[in-house]
Amino acid sequence: MHKQLFIPGPVDVRPDVLAKMATPMIGHRSKDCTALQQSISEKMQQVFQTKNTIILSTSSGSGLMECAIRCCSASASAVFSVGAFGDRWHKMALANGKASDKFSVPMGQAVDPAEVDKALATGKYDLLAVTHNETSTGVENPIAAIAEVVKKYPDVIFCIDAVSSMAGADIPVDEWGVDICITSTQKCLGLPPGLAIASVSEKAYERAKTVPNRGLYFDLVEIYDKVKKAYQYPSTPSIAHMYALDYQLDRILEEGLEARFARHAEMAAYIQDWARKYFALFADEQHLSKTVTCIANTRGISVADLNKELGARGLTISNGYGDLKEKTFRIAHMADYTMEDMKKVTAAIEEVLGL
Ligand SMILES: *Cc1c(COP(=O)(O)O)cnc(C)c1O
């Protein structure tokens, strides 16, 4: 039996979208493939609210996170981490031999823009990396306010991890001046995992050209050049994903971004209210994610047992991430889910726990 996924990626994919993955193959150097890539780029620019260049990567989102921090920092990067995914970005920098400092906050808290100002004012950093939506803690960082700070430092490349929020929350890339904004297919976009997408500014590209040892598969300069020149890629992309993505983007734009964000906000508010009633929210009330809710296990239930019982009812939620495994549990409200789905999952939890 398929269990409906309420985990923060992968999410359930609509059957019509999934079916597009089975479209017959075309040559990746063909005009048809160029047209497909161009179509995706133009629609994706609308979702990202940007005029910047859209690049696709046949990898998960982590691939482009590593690409960004490796290719666009020459001196040192500042990674503002509020959880597991911010920590990973910092580890990626170090694993590539790059100088990088991590700035952390207690779990469940958000980045303070004043701290970003303090760090960048040292003049030590040429790249800033921040998670927009921290999936491990259910925190949404105040990127609009951070963006105001970053505007004072035009030499800093501003990178955002929007893996678990792009297409579920309002992320105006150009208004915020984000140089590299990264997402994956398996979260709010509602597709299978396997493709990553980023918007890349001219400024990020120019910086990358000055950075040595960018590697090959994730060389931002080479990818950007090929996309700019002919909507092509250095290596063979997942054409199956591209078919599904192109189709799904039509559906997303048909729904309308405003309506899509409103649907996500409504589902988030519902799950948050439910969590406050029966448990508590793990994240700071001022910075709650619109796409995933992290619930503090104030009743001391066994999250593993709960999930087992939910599984028998055809549903799966997520346990806490890492150290938070039994201390929290998470319910995703992203992609194509509806209020009906949310009510189904909370009703099932209430039934299992006898609430
Ligand atoms: C899922 C996730 C990632 C990792 O993305 P992959 O596509 O699995 O590589 C990074 N950051 C955040 C915030 C995520 O939710």
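Leu120 is buried, with a relative accessible area of 3%; here buried denotes under 20% relative accessible area, exposed over 50%, and partly exposed the range in between, with a 1.4 Å probe and protein chains only. The structure is a predicted model, in which local features need pLDDT of at least 70 and side-chain atom pairs count only at pLDDT 80 or more, whereas totals for chains, interfaces and linings use all residues. Residues are numbered from 1 along each chain as its sequence is written, and side-chain values use heavy atoms, with hydrogens and water left out.

Leu120 belongs to helix 5. Helices (H or I, at least four residues) and strands (E, at least two) are DSSP runs, numbered from the N terminus. Residues up to four places away in sequence aside, Leu120 touches Tyr125, Leu128, Val150, Tyr153 and Val156, contact being defined as heavy atoms within 4.5 Å. Leu257 stands 137 residues from Leu120 in sequence, and the C-alpha to C-alpha separation of Leu120 and Leu257 in space is 33 Å.

The structure contains 21 salt bridges, a salt bridge being a side-chain nitrogen of Lys or Arg within 4 Å of a carboxyl oxygen of Asp or Glu. One of these joins Arg207 to Asp126, with 3.5 Å between the closest N and O atoms. This pair connects distant parts of the chain, 81 residues apart: Arg207 is in helix 8 (residues 202-209), and Asp126 is in the loop between helix 5 (113-121) and strand 5 (127-131). Arg207 counts as buried because its relative accessibility is 14%, and Asp126 likewise counts as buried because its relative accessibility is 8%.

A further salt bridge is formed by the side chains of Glu148 and Lys151, at 3.5 Å from N to O. Lys151 has a relative accessibility of 46% and therefore counts as partly exposed. The side chains of Arg260 and Glu255 also meet in a salt bridge, with an N to O distance of 3.0 Å. Of these two partners, Arg260 is buried at a relative accessible area of 1%, while Glu255 is partly exposed at 29%. Both belong to a network of salt bridges that links Arg251, Glu255, Arg260, Arg263 and Asp336.

The ligand is surrounded by 14 residues, of which the closest are Ser60, Ser62, Thr135, Asp161 and Lys187; a residue is included if one of its heavy atoms lies within 4 Å of the molecule. The greatest contribution to this shell comes from helix 3 (residues 61-71), which supplies three residues. By residue class, the shell consists of three nonpolar, nine polar and two charged residues, where Ala, Val, Leu, Ile, Met, Phe, Trp, Tyr, Cys and Pro count as nonpolar, Asp, Glu, Lys and Arg as charged, and the others, Gly among them, as polar.

A polar side-chain atom of Ser60 is 2.5 Å from an oxygen atom of the ligand, and a backbone N or O atom of Gly61 is 2.8 Å from a ligand oxygen atom. For Lys187, an N or O atom in the side chain lies 2.7 Å from an oxygen atom of the ligand. The ligand taken alone exposes 380 Å², and the protein buries 91% of that; these accessible areas come from the Shrake-Rupley method with a 1.4 Å probe.

Asn307, in helix 12 (residues 303-312), counts as buried at 17% relative accessibility. A polar atom of the Asn307 side chain lies 2.7 Å from the backbone oxygen of Ile317. With residues up to four places away in sequence not counted, Asn307 touches Leu315, Thr316, Ile317 and Ser318.

Several features of backbone geometry were also identified. Gly9 and Pro10 are joined by a cis peptide bond, with omega about -5°; Pro10 is situated in the loop between strand 1 (4-5) and helix 1 (15-19). Ala167, although not a glycine, has a positive phi of about 85°. This residue is found in the loop between strand 8 (157-161) and helix 7 (173-176), and Ala167 is buried, with a relative accessible area of 1%. Tyr231, also not a glycine, has a positive phi of about 50°. Tyr231 is placed in the loop between helix 9 (220-230) and helix 10 (239-255) and counts as partly exposed at 25% relative accessibility.

Terms used:
A polar contact is a pair of N or O atoms within 3.5 Å; within protein, one must be able to donate a hydrogen and the other to accept it, and residues adjacent in sequence count only if both atoms are side-chain atoms.
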